[in-house]
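Subject: Handover of a structure

Dear colleague,

Please find the structure below, handed over for your own work. The notes that follow it set out what was found.

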Amino acid sequence: MTPVHFTFSTAFLLGLAGLAFHRMHLLSALLCLEGMMLSLFLALSLWTLELNTTNFSISPMLLLAFSACEASAGLALLVATARTHGTDRLQNLNLLQC
């Protein structure tokens, strides 16, 4: 494994570990998801540069567009839960209550 691959896989795993173990606030969970998407974007961009083909050149842009849509949906959910519940703590969010 090259140092570049090790760096990107470590960044992805750190984001995944942060998402799995440190989910106190919705904002921290969304930041961990964004870190994971950023490491995937950089890894996919370097992978397409290493292949030197034009077949996969659109893949990083599609991933970036989907991550922007995911970030806007997450921010909308964060604002909606902060307005209705008064906080963004994940312990206070109960899906069984209206």
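In these notes, two residues are in contact when heavy atoms of theirs lie within 4.5 Å. Please bear in mind that this is a predicted model.

Annotated spans

According to the unreviewed UniProt entry, the annotation "transmembrane region" covers residues 6-22, 29-49 and 61-80.

Leu63 is located in helix 3. Which residues does Leu63 touch, not counting those up to four places away in sequence? They are Met37, Leu40, Phe41 and Leu44. For Met37, the C-alpha atom lies 8.0 Å from that of Leu63, although the two residues are 26 apart in sequence. Leu63 has a relative accessible area of 19%, and because buried means under 20%, Leu63 is classed as buried.

Leu40, one of the residues that Leu63 touches, belongs to helix 2. Its relative accessibility of 37% makes Leu40 partly exposed, because that class lies between 20% and 50%. Apart from neighbours within four places in sequence, Leu40 is in contact with Phe12 and Leu63.

Ser67 sits in helix 3, which runs over residues 59-85. Is Ser67 buried or exposed? Ser67 is buried, with a relative accessible area of 8%. A polar atom of the Ser67 side chain lies 2.9 Å from the backbone oxygen of Leu64. Setting aside residues up to four places away in sequence, Ser67 touches Glu34 and Met37. Met37 is also among the residues touched by Leu63.

Ser39 is placed in helix 2 and is buried as well, at 5% relative accessibility. Beyond its neighbours within four places in sequence, Ser39 has contacts with Phe8, Ala11 and Phe12. Phe12 is also in contact with Leu40.

Loop residues and the surface

Met24 lies in the loop that joins helix 1 (3-21) and helix 2. Its relative accessible area is 38%, and Met24 is therefore partly exposed. Where sequence neighbours up to four places away are not counted, Met24 touches Asp88, Arg89 and Leu90. Met24 and Asp88 are 64 residues apart in sequence, and their C-alpha atoms are 8.6 Å apart in space.

The loop between helix 2 (26-51) and helix 3 holds Ile58. Together with Met61, Leu62, Leu64 and Phe66, Ile58 forms a nonpolar patch on the surface. The accessible area of these residues together is about 510 Å². Leu64 is also the residue whose backbone oxygen lies 2.9 Å from the polar side-chain atom of Ser67.

Finally, Ala82 is part of helix 3 and is partly exposed, with a relative accessible area of 35%. Ala82 and Met1 are 81 residues apart in sequence, and 43 Å separates their C-alpha atoms.

With kind regards

Technical notes
Residues are numbered from 1 along each chain as its sequence is written. This is a predicted model: local features need pLDDT of at least 70, side-chain atom pairs count only at pLDDT 80 or more; totals for chains, interfaces and linings use all residues. Side-chain values use heavy atoms; hydrogens and water are left out. UniProt positions are given in the numbering used here, feature names are shortened, and annotations may be inferred rather than shown by experiment. Helices (H or I, at least four residues) and strands (E, at least two) are DSSP runs, numbered from the N terminus. Buried means under 20% relative accessible area, exposed over 50%, partly exposed in between (1.4 Å probe, protein chains only). A polar contact is a pair of N or O atoms within 3.5 Å; within protein, one must be able to donate a hydrogen and the other to accept it, and residues adjacent in sequence count only if both atoms are side-chain atoms. Patches are made of residues with over 30% relative accessible area and no salt bridge: like charges are joined within 9 Å, nonpolar side chains (Val, Leu, Ile, Met, Phe, Trp, Tyr) within 5 Å. Accessible areas come from the Shrake-Rupley method with a 1.4 Å probe; for residues, only the protein chains shown count as cover. A salt bridge is a side-chain nitrogen of Lys or Arg within 4 Å of a carboxyl oxygen of Asp or Glu.
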